[in-house]
Amino acid sequence: MRFPASGHPGRFALMAGQDAAPRRRRDPQRRIEEIIAATERVIASKGIEGLTHRAVAEEAGVPLGATTYHFATREDLIAAAMQKAVDRFGAYLEDWGARRPGLTPEQFAVLLTDALMTSFTAEGRGQGVMEFELYLAALRRPALRRIADQYAELNFRACSRYTDPVTAAAVAAATNGITLRGLAGSRPPTRDDVEAVLRRILTPNPALEPVRAPAGTGGAGS
């Protein structure tokens with residue numbers, strides 16, 4: 001079969017395809033979210049020490065160049081994953097509080113204990129370890145401390161729904177310590193142990209004078 005002198009097969013193929021649906025463009029924000037989610041999974045399975053651009057690219061199923069294009073350094077990946085974890089924590093706390101308005105100190109102690117104990121389940125432990133590893137990364141990375149401050153502030157605000165600023169600061173600190181110790185230790189705390197600590201903090205003590213929340217807790221003194 002002969003083609004006209006002015007044409008060739010490639011040109012006719014191109015013209016024939018002009019009416020076809022255009023190629024769908026990649027969504028950059030979706031790609032970024034996929035990379036961040038893959039970063040979290042890599043940290044959950046290998047720890048921060050096992051985090052590399054190559055590991056994230058393989059986990060996300062994207063080219064290595066896609067991870068380095070959006071996140072130039074390994075530290076950028078860590079910061080993005082930490083911010084994602086804090087944003088997720090904030091959304092969880094907002095929903096948790098909205099569903100439980102006006103709790104008494106006793107109710108708060110019981111329901112907060114329920115929430116903390118999920119961190120020690122088979123499903124909750126993996127996410128808890130990953131999120132604490134990201135949080136503790138701020139110990140040696142000053143650039144992450146602004147994000148760590150957000151975590152502390154969210155925790156304090158959630159507790160402040162149900163009690164005074166000083167007690168809220170104490171509860172927030174206790175929940176962090178209980179969860180971290182339970183995840184890092186050889187065995188998690190019992191439910192009775194956790195509830196006993198929270199009840200002790202939340203039970204009003206008339207002998208104590210009201211004081212300002214200590215600086216750095218997200219309360220009035222910060």
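What share of the 222 residues in the chain is buried? Buried residues make up 35% of the chain, where buried means under 20% relative accessible area, exposed over 50% and partly exposed in between, with a 1.4 Å probe and protein chains only. This is a predicted model, in which local features need pLDDT of at least 70, side-chain atom pairs count only at pLDDT 80 or more, and totals for chains, interfaces and linings use all residues. Residues are numbered from 1 along each chain as its sequence is written, and side-chain values use heavy atoms, with hydrogens and water left out.

**Fold and surface**
- The chain has 10 helices and 0 strands; helices (H or I, at least four residues) and strands (E, at least two) are DSSP runs, numbered from the N terminus.
- Among contacts (heavy atoms within 4.5 Å) between residues at least 6 apart in sequence, 66% join residues at least 24 apart.
- The chain exposes about 14,100 Å², of which carbon and sulfur atoms supply 55%; accessible areas come from the Shrake-Rupley method with a 1.4 Å probe, and for residues only the protein chains shown count as cover.

**Aromatic pairs**
- Rings of Phe, Tyr and Trp (its six-membered ring) pair if their centres lie within 6.5 Å; planes under 30 degrees apart count as stacked, over 60 as edge-to-face and the rest as tilted.
- By this rule the chain has 5 aromatic pairs.
- One of them is the stacked pair of F89 and Y151, with 4.7 Å centre to centre and 25° between the planes.
- This pair links distant parts of the chain, as F89 lies in helix α5 (residues 74-98) and Y151 in helix α8 (residues 145-160), 62 residues apart.
- Both F89 and Y151 are buried, and together with Y135 they form one aromatic cluster.
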